[in-house]
Amino acid sequence: MNHDNYDDNYIRSILNGVKSIAMVGASPVNVRPSYFAFKYLAQRGYDMIPVNPGHVGKSLLGKPFVASLSDIGHPVDMIDIFRNSSHIMPVVDEALTLSSPPKVIWMQLGARDDAAAEKAEAAGLKVVMNRCPKIEYGRLSSEISWMGVNSRTLSSKRAPIPTQGMRLSLNRTSVSGGPTAASDRAAKNKSEPT
């Protein structure tokens with residue numbers, strides 16, 4: 001696997017396929033990047049589990065912290081590692097000792113450990129390094145474009161705000177101006193005589 005460049009379908013299949021995510025290094029401090037990522041993914045319907053031994057006894061958005069992966073007590077689909085690269089191998093080692101290992105090991109932005117990735121892949125796990133699932137979800141669902149980021153359109157008009165509970169699909173063909181099911185329907189409806 002080339003960990004320098006991921007195909008969108010690989011990332012999309014992971015984000016569509018996982019339901020529960022254990023975030024190692026999650027923080028209850030609401031200005032930390034792990035807090036924003038945790039909250040965002042929880043709002044997208046993922047069952048989030050905060051893992052941080054320094055915060056046991058506290059909770060993050062109603063979810064109690066656990067000290068380690070083995071303290072979770074049930075299988076998880078993905079482990080999102082919010083630690084620096086020197087702490088990745090021990091997390092992967094612990095994940096591989098679980099009675100039901102995860103399907104995915106995800107290393108956050110700036111985190112990379114090729115040896116840990118190789119070890120996880122040899123055990124049959126998918127691996128993503130140096131990426132943020134929050135950013136990837138936003139990019140692939142085009143939620144980032146709704147906020148005016150990288151929309152490739154210059155306009156003085158604001159994009160409409162997505163309504164409460166609205167979710168943009170991860171199954172979009174393209175996020176860079178290419179066709180999507182919605183744009184195909186709109187073009188078809190526009191070209192049909194009324």
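Let's start with helix H2. H2 lies across strands E1 (20-24) and E2, and runs at about 155° to E2. Keep in mind that this is a predicted model.

Now the sheet. Five strands make an open sheet, ordered E2-E1-E5-E6-E7, with parallel pairing. E2 (47-51) and E7 are the edge strands; each has a single partner, so one side of each has no neighbour in the sheet. From one strand to the next, the twist averages 15°. Look at the E7 end. E6 and E7 run parallel and are joined by 3 bridges. Val104 sits opposite Lys126 in E7.

Next, the core. The largest nonpolar core has 48 residues. Leu69, Ile79, Ile105 and Met107 have the most contacts inside it. Helix H2, residues 33-43, supplies the largest share, 5 residues. Take Leu69. Leaving out residues up to four places away in sequence, Leu69 touches Ala22, Val24, Val51, Ile79, Val91, Glu94, Ala95 and Leu98.

Last stop, helix H4, residues 114-122. Which residues of H4 are buried? Ala116, Ala117 and Ala120. They span an arc of only 100° around the axis, which puts them on the same side of H4. The general rule: an α-helix has 3.6 residues a turn, so residues three or four places apart point the same way. What do the buried residues of H4 pack against? Helix H3 (88-97), strand E6 (104-107) and strand E7 (126-128). On the face turned away from the buried side, Glu118 and Ala122 are exposed.

Now the two ends. At the start of H4, a side-chain oxygen of Asp113 comes to within 3.1 Å of the backbone nitrogen of Ala115. After H4 comes Gly124, with a positive phi near 95°.

How values were computed: Residues numbered from 1 in each chain as written. Predicted model: local features only at pLDDT ≥ 70, side-chain atom pairs only at ≥ 80, totals over all residues. Heavy atoms only, no water. Buried < 20%, exposed > 50% of the residue type's maximum accessible area, 1.4 Å probe, protein only. Helix = DSSP H or I, 4+ residues; strand = E, 2+ residues; numbered from the N terminus. Arc of directions from axis to C-beta. Contact = heavy atoms within 4.5 Å. Polar contact = N/O pair within 3.5 Å; in protein donor to acceptor, adjacent residues only side chain to side chain. Core = buried A, V, L, I, M, F, W, Y, C linked by side-chain atoms within 4.5 Å. Pairing = 2+ DSSP bridges. Axes fitted to C-alpha atoms, helices over the stretch in contact; angles between N-to-C directions.
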